[in-house]
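This briefing sets out the architecture of the structure shown below.

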Protein chains: 2
Amino acid sequence: MIVSENVLASMRRTNELFESEVVKNRNISALENIYTSDARILPPGAAMIEGRDNIKNFWRQTIAGLATQSATLDTVHAESLGDRVFEIGRADLHVAGGQTVTVKYVVLWKEENGQWKWHVDIWNPNQ
Amino acid sequence: MIVSENVLASMRRTNELFESEVVKNRNISALENIYTSDARILPPGAAMIEGRDNIKNFWRQTIAGLATQSATLDTVHAESLGDRVFEIGRADLHVAGGQTVTVKYVVLWKEENGQWKWHVDIWNPNQ
């Protein structure tokens, strides 16, 4: 099923929050508005992490050591499935020195308090 | 929504086909019964690959160089979303010499010709 323009716009706002607040400003508390409270992430090189508090700890540590200065998230494919949205996306990470690292991901989106958020998030690098 | 026992059993048969035919017997043609015709895979270290024929080529090359002798796929979480099933899983790859490598994955399942198959498949290693 096609995702409505309203939902796509809400998803876009969530992604922009990650780009501007989490990656650029290193503002970990913004993750409250990005992940659902019972979200799960499946990062490369680690076991699955469950719950937003644990996810915030993961990103706090990861962002601190990250050479990435900015990131761009793009939806490659999105479909409505029941009351969720299933998305395939691509992230370009802009590293100090002008290099770009490409990461692809799958996100299962869920509406929480009127806002579309990442409920399951898995990614891996293209290189 | 909970996944019915019938669907879970069909998913289990598909996974067993991957374990026995693809990993153990290096039988690439079995992938016809594992992936949908327009499936997508997102492997670590490569760009997204679309379509079962391209996916077969990927696995033909990957399996040939693989030290894995057998694999066990386990469903960690599954839910029905519309006419799809969304799954989080775990694969233990048993490598020559007795080592085990753990991989986690997300699979979006779709029914094709009465059989539940992998429609989107993304994974990454735990280590």
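Two strands are said to pair if DSSP finds at least two bridges between them; strands (E, at least two residues) and helices (H or I, at least four residues) are themselves DSSP runs, numbered from the N terminus. In strand 4 of chain B, for example, Leu73(B) has Ala91(B) as its bridge partner. The model is a predicted one, in which local features need pLDDT of at least 70 and side-chain atom pairs count only at pLDDT 80 or more, whereas totals for chains, interfaces and linings use all residues. Residues are numbered from 1 along each chain as its sequence is written, while chains are lettered from A and ligands numbered from 1 in the order in which they are written.

**Overall form of chain A**

- Chain A contains two helices and six strands, which follow one another from the N terminus as α-β-β-α-β-β-β-β.
- The C-alpha trace of chain A spans about 40 × 30 × 25 Å along its principal axes.
- The radius of gyration of chain A is 14 Å, which agrees with the value near 14 Å for a compact globule of 127 residues; it is taken over C-alpha atoms, and the globule rule is 2.2 Å times the number of residues to the power 0.38.
- Of the 127 residues of chain A, 31% are buried; a residue is buried if 20 or more other C-beta atoms lie within 10 Å of its own, exposed if 12 or fewer, and partly exposed in between, with C-beta atoms placed from the backbone.
- Among the contacts in chain A with a separation of 6 or more, 45% involve residues 24 or more positions apart; two residues are in contact if their C-beta atoms, placed from the backbone, lie within 7 Å.

**The sheet of chain A**

- The six strands form an open sheet of mixed pairing in the order 2-1-6-5-4-3.
- Strand 2 (49-50) and strand 3 of chain A lie at the edges with a single partner strand each, so one side of each has no neighbour in the sheet.
- Strand 1 (residues 35-42) and strand 6 of chain A run parallel and are joined by four bridges; in strand 6 of chain A, Val120(A) is the bridge partner of Arg40(A).
- Helix 1 of chain A packs on the sheet and touches strand 3, strand 4, strand 5 and strand 6 of chain A, its direction making about 160° with that of strand 3 of chain A; axes are lines fitted to C-alpha atoms, for helices over the stretch in contact, and angles run from 0 to 180 degrees between N-to-C directions.
- Helix 2 of chain A also packs on the sheet, where it touches strand 1 and strand 2 of chain A, at about 55° to the direction of strand 1 of chain A.

**The helices of chain A**

- Helix 1 (residues 5-24) of chain A has 20 residues, which at 1.5 Å a residue should span 28 Å; its end C-alpha atoms are 27 Å apart, in agreement. The expected span is 1.5 Å times one less than the number of residues.
- Met11(A), Thr14(A), Asn15(A), Phe18(A) and Val23(A) are buried in helix 1 of chain A, and their cover includes strand 3 (68-81), strand 4 (84-95), strand 5 (100-112) and strand 6 (115-125) of chain A.
- Just after helix 1 of chain A, Arg26(A) adopts a positive phi of about 55°.
- Arg60(A) belongs to helix 2 (residues 52-64) of chain A and counts as exposed because it has 12 C-beta neighbours inside 10 Å.

**Hairpins of chain B**

- Strand 3 and strand 4 of chain B pair in the antiparallel sense over twelve bridges. Their hairpin has two residues between the strands, and Gly82(B) takes a positive phi near 55° there.
- Strand 4 and strand 5 of chain B also run antiparallel, joined by eleven bridges, and Arg84(B) stands opposite Lys110(B) in strand 5 of chain B.
- In the hairpin of strand 4 and strand 5 of chain B, with four residues between the strands, Gly97(B) has a positive phi near 100°.

**Relation and contact of the two chains**

- The contact takes 22 residues from chain B and 22 residues from chain A.
- On the side of chain B that touches chain A, strand 1, strand 4, strand 5 and strand 6 of chain B each give two or more residues; the largest share, four residues, comes from strand 6 of chain B.
- The copies meet through the same surface, because 100% of the interface residues of chain B are also interface residues in chain A.
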